[in-house]
Amino acid sequence: RLADLVGKVADGFHATIFAYGQTGSGKTHTMEGFSYKHMSSGPANSSSAPSSEGRKPRVRIEATPQKQFGIVPRAVKELFDRVSRMRDKSVGAEAEGFED
């Protein structure tokens, strides 16, 4: 379904994915999916989302399995993949025009 929404965006339509829910219910994790390294005191390998306490946590993209990525990184990847495929098609169509 995410690929369908990204496809509509690539076609020029607007799309919104909205996450809402109780505090601590996993909205940030659902949207991002990244593991975090917290820079304040506490466990360095925590995977919870950023907090307002202490220094800002750092995203550990390399430590996050791709299958764990949330909606935002998956949508961005899908969009870039679609743009690349569209570009490849247009270059192929231009090349066909030179064959005559």
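1. A pocket, as the word is used here, is an open set of grid points with protein on both sides within 12 Å along at least five of seven lines. The structure is a predicted model, and its largest pocket has a volume of about 190 Å³. Of the 13 residues lining this pocket, L2, V6, V9, I17 and A75 are the closest to its centre. Rolling a probe the size of a water molecule over the atoms is a way to show where empty space is left.

2. Which elements give two or more residues to the lining of the largest pocket? They are α1, residues 2–10, and α3, residues 71–97. Helix α3 supplies the largest share, with five residues. By class, the lining has 12 nonpolar residues, one polar residue and no charged residues.

3. The overall plan of the protein chain is as follows. It has three helices and two strands, and from the N terminus on they run in the order α-α-β-β-α. The chain has 100 residues, of which 16% count as buried. Among contacts with a separation of 6 or more, 43% are made by residues 24 or more positions apart.

4. Not counting residues up to four places away in sequence, E78 touches A3, V6 and R85. One of these, V6, was named above as one of the residues closest to the centre of the largest pocket.

5. How many aromatic pairs does a search of the whole structure find? The search finds two. F34 and F69 form an aromatic pair that is edge-to-face, with 5.7 Å centre to centre and 75 degrees between the planes. F34 lies in the loop between α2 (27–31) and β1 (36–37), and F69 in the loop between β2 (58–59) and α3, so the pair ties together parts that are 35 residues apart in sequence. Both F34 and F69 are buried.

6. G33 belongs to the loop between α2 and β1. Its relative accessible area is 0%, so G33 counts as buried. The C-alpha atoms of G33 and F69 are separated by 4.4 Å, although the two residues are 36 residues apart along the chain. F69 is also among the contacts of G33, which are T28, T64, Q68, F69 and G70 when neighbours within four places in sequence are left aside.

7. Where is H38 found? H38 is in the loop between β1 and β2. With a relative accessibility of 14%, H38 is buried, because buried means under 20%. H38 and P57 are 19 residues apart in sequence, yet their C-alpha atoms are 4.2 Å apart in space.

8. R58 is part of strand β2. Its relative accessibility is 52%, so R58 counts as exposed, the cut-off for exposed being over 50%. Which residues does R58 touch, not counting residues up to four places away in sequence? They are S35, Y36, K37 and M39. For one of these, S35, the distance from R58 is 8.6 Å, C-alpha to C-alpha, and the two are 23 residues apart in sequence.

9. A last point concerns a charge and a ring. K8 lies over the face of F13, at 5.6 Å from the ring centre.

Conventions: Residues are numbered from 1 along each chain as its sequence is written. This is a predicted model: local features need pLDDT of at least 70, side-chain atom pairs count only at pLDDT 80 or more; totals for chains, interfaces and linings use all residues. Side-chain values use heavy atoms; hydrogens and water are left out. On a 1 Å grid over the protein atoms alone, a cavity is a set of points where a 1.4 Å probe fits but cannot get out, and a pocket is an open set with protein on both sides within 12 Å along at least five of seven lines; lining residues have an atom within 4 Å of a point. Grid points are joined across faces, edges and corners, and a volume is the space filled by probe spheres set on the points. Helices (H or I, at least four residues) and strands (E, at least two) are DSSP runs, numbered from the N terminus. Ala, Val, Leu, Ile, Met, Phe, Trp, Tyr, Cys and Pro count as nonpolar, Asp, Glu, Lys and Arg as charged, and the others, Gly among them, as polar. Contact means heavy atoms within 4.5 Å. Rings of Phe, Tyr and Trp (its six-membered ring) pair if their centres lie within 6.5 Å; planes under 30 degrees apart count as stacked, over 60 as edge-to-face and the rest as tilted. Buried means under 20% relative accessible area, exposed over 50%, partly exposed in between (1.4 Å probe, protein chains only). A charge sits over a ring if NZ of Lys or CZ of Arg is within 6 Å of the ring centre and within 35 degrees of the ring normal.
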